[in-house]
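Please consult the sequence and model shown here.

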Amino acid sequence: MKIKVCGLKQPENIAAVAALGANYLGFICYGRSPRYIGALPVEVLAAIPASIHKTGVFVNETAQNINLLIDKYGFDTVQLHGDESPEFSNAFRNKVTVIKAFGVDNEFDFGQLENYANNVDYFMFDTKTSGYGGSGKTFNWDILNNYRLNVPFFLSGGISLDNLDEVKKISHPQFYAVDLNSRFETEPGIKNTDKLEQAFDIIKNKTLQMKYGVNEHGYYGDFGGAYIPEMLYPNVEELRQQYINIINDADFKAEFDDLMKNYVGRPSPLYHAKRYSEKYGANIFFKREDLNHTGSHKINNAIGQILLAKRLGKKRIIAETGAGQHGVATATVCALMGIECVVYMGEIDMARQAPNVSRMKMLGATVMPASSGSKTLKDATNEALRDWIANPVDTHYIIGSVVGPYPYPDMVARFQSIISKETKKQLVEHTGKELPEYVLACVGGGSNAMGMFYHFLDDEQVKLVAVEAAGKGVDSGHSAATTFLGQEGVLHGSRTILMQTPDGQVIEPYSISAGLDYPGIGPQHAHLYKINRAQYVSVTDDEAMQAGLLCSQMEGIIPAIESSHALAQLEKMKFNPSDNVVICLSGRGDKDLDTFIKYFGY
Amino acid sequence: MNRLNQLFVSKKDNLLSIYYTAGYPALNTTVDIAEALEKAGVDFLEVGFPYSDPVADGPTIQHSSEQALENGMTLNVLFEELAELRKRVTIPILLMGYFNPIVQYGIEKFCKKAAELGVDGIIVPDLPMYEYEALYSAHFINNNLSNIFLVTPQTSEARIRKIDALSNSFIYLLSSSSITGGSLQLTNNIEDYYKRVKAMELKNPTIIGFGISDRATFTKACEYANGAIVGSKFVKLLGEEDYMGKIPGFVESIRS
Ligand SMILES: Cc1ncc(COP(=O)(O)O)c(C=O)c1O
């Protein structure tokens, strides 16, 4: 669904709203409206990013004046909001896109639109008033079922945060865009950007849900679902029923936003890496998740889930961890909230990530060794699931990536989506537009990548690149390149792609980076892979280690070995000099110093 | 009507079922063990096929699965071993295991092959009701295989009713929310749960499993359900010397 914000008139406010990334901005050129633009300087409109359609709104204006203002302000769309005829409307179509607006009430006769159908690009249905719109009231949207032409329409009139849920339920095939106006203002013509931002979030989630998002049963195309034993059904079902309501609750949002800002240190910077840009011949940006408290993106999800667990009345938290980053993030938020924390970790991982074991213990968590199976991340996940089976009522399981049964993949993606949400805004500041040409991230289970892709999924022109760990090479028998080596199957509660034997036994992966050492990927990644929305590539241990060293010495940033995989992919890509490229620097390399030291002999 | 349905028509109380993992302690024992259990008077069997990540199982069955995988047990091998099943064994047999090996084998092919070999039903703990009903049930129904659903003390009455409607042989009542290998606990809550389910007068018989390990727990379970299943305790026996010779005594010790 597209978004139009209408009735702007004040320069700073226009710039602030433009930065939110609407699809259309509307400027009222009708003297009797309180939102009339008057003598608004042309530069204000010229500064709006080209990706946003600038719409002039007219009421029974002369063709001559409309043409004059189109030229003056560079409108690419006009909205005719009076009694303009089909022929009159059609006359502008060689220059601009034409929207014809109608006031609708219960008696509205959709038959009168037939003459317009071939003469305009869009209809707009607004609430019928004695004047020409602007009443702030809604009309009975059920009446839209009577509209049968195939011209797409904008819905206008009284749309607010309170009725967006209703708007989202409208499933008319021609429903194209919403028009937001008076209910998002501090005074006529001045928009409240906080409210607009909330509305954009709600509306865009809906768009994601339609195309790349999850359906009501937890599926992304063929992948996802909740393949869990009945013993886990009540826990997972409780989450499924509550998670959307809880995370959309104003109180939850306020607490989440506050912790993100004041505890985690967000927004994380979008850093323009100048020496990298020179080297690779494009504008390279690092999204600095490594600067978050606890050193990686994992904290975003841990904060979200601990707030959720509190609202579900849970008294005890369990988690699994591989490298220990998610375990540390979970131990941290449990300390913050004063909740008991048990982290399962494979015995082998405990030995190779000893400093993180100590960190978790110091934070007050109990670290339980997983000694079954291959004694690594997948077995830690099994042990956590077994614990949850035995403790169905008082315990919440904080899964660390976009894996597991529905709703986890969607829930974790939403908490991590703050990464791309911030990036879009920051890109406007750096480049004047919110869309880059490329977005890159490494994939273990896929949470930093999903967070980095999330708000770009529907912008099909943005190329998404997911980098898996090839280990010692995809053909070496020591690899974690899941999409390359895996087949479809079921792992840890979701249908996805996983590395397995022909008999369906899960294969233990290998990567030098413990955080990428997982035999599956989240189901949404499996879907994006299968439908080719994102490109999945892999990078070897050696390539990643070299990239980690290069980044340290060229940019003064020691990246996590996980993130170094994404950096290494730059070597294999060809860019145009004007390309903007964002890489998710998911974590910092402190935890990996031992491995770097052993590898390079420093 | 498959063998399971016939069994439940002819016998309504004190049904005893035994679970064991195919390929444990060694390959080529599946049918021998089945035959010995039938001779010892067991009513029906659950033959587990091993999986690398058995999340619903405790240490005993985890260990038997690991050992079976090491021995080379796969679905293909199991189906080869079962080729002579119906020449030697007449009691109903269920296959029990996790969903991923079935997906790899091919769900339709799996159901067909199992039915061909004389298998009567399937228990797949990680194949829940929605996914079964919406995506896969046709393959089970077309091959006359019963799919067995689990019910726990937390399962709501509405969901139990739905499970009853989708089932056509029996419903597997878990003695508690736990993984396999625990011990049956009879707190008030659990008794209430058994009574609650019994009072629902379901169309399918109920069999209690998880934590049934001796005569006392078996007898107790049979007060509330049509029978009970012994798993981990029997798998432990298979880890002992001369386990074949001990099978009659084991069954006797649970139900004479
Ligand atoms: C820094 C860092 N990046 C990436 C990952 C991989 O996880 P995901 O794919 O869920 O982002 C990890 C996991 O531990 C990590 O610590």
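**Aromatic pairs and domains in chain A**

A:Phe75 is buried, at a relative accessible area of 4%; buried denotes under 20% relative accessible area, exposed over 50% and partly exposed in between, with a 1.4 Å probe and protein chains only. This is a predicted model, in which local features need pLDDT of at least 70, side-chain atom pairs count only at pLDDT 80 or more, and totals for chains, interfaces and linings use all residues. Residues are numbered from 1 along each chain as its sequence is written, chains are lettered from A and ligands numbered from 1 in the order written, and side-chain values use heavy atoms, leaving out hydrogens and water.

**Aromatic contacts**
- Rings of Phe, Tyr and Trp (its six-membered ring) pair if their centres lie within 6.5 Å; planes under 30 degrees apart are stacked, over 60 edge-to-face and the rest tilted.
- The count over all chains is 52 aromatic pairs.
- A:Tyr73 and A:Phe75 form a tilted pair, 5.6 Å centre to centre with 35° between the planes.
- A:Phe153 and A:Phe175 are stacked, at 5.5 Å and 15°, and both are buried.
- One aromatic cluster includes A:Phe102, A:Tyr147, A:Phe153 and A:Phe175.

**Charges over rings**
- A charge sits over a ring if NZ of Lys or CZ of Arg is within 6 Å of the ring centre and within 35 degrees of the ring normal.
- The charged end of A:Lys279 is placed over the ring of A:Tyr280, 5.2 Å from its centre.
- A:Lys463 lies over the face of A:Tyr438, 4.9 Å from the ring centre.

**Domains**
- The C-alpha centres of domain 1 and domain 2 of chain A lie 46 Å apart, with bounds from an automatic or database domain assignment.
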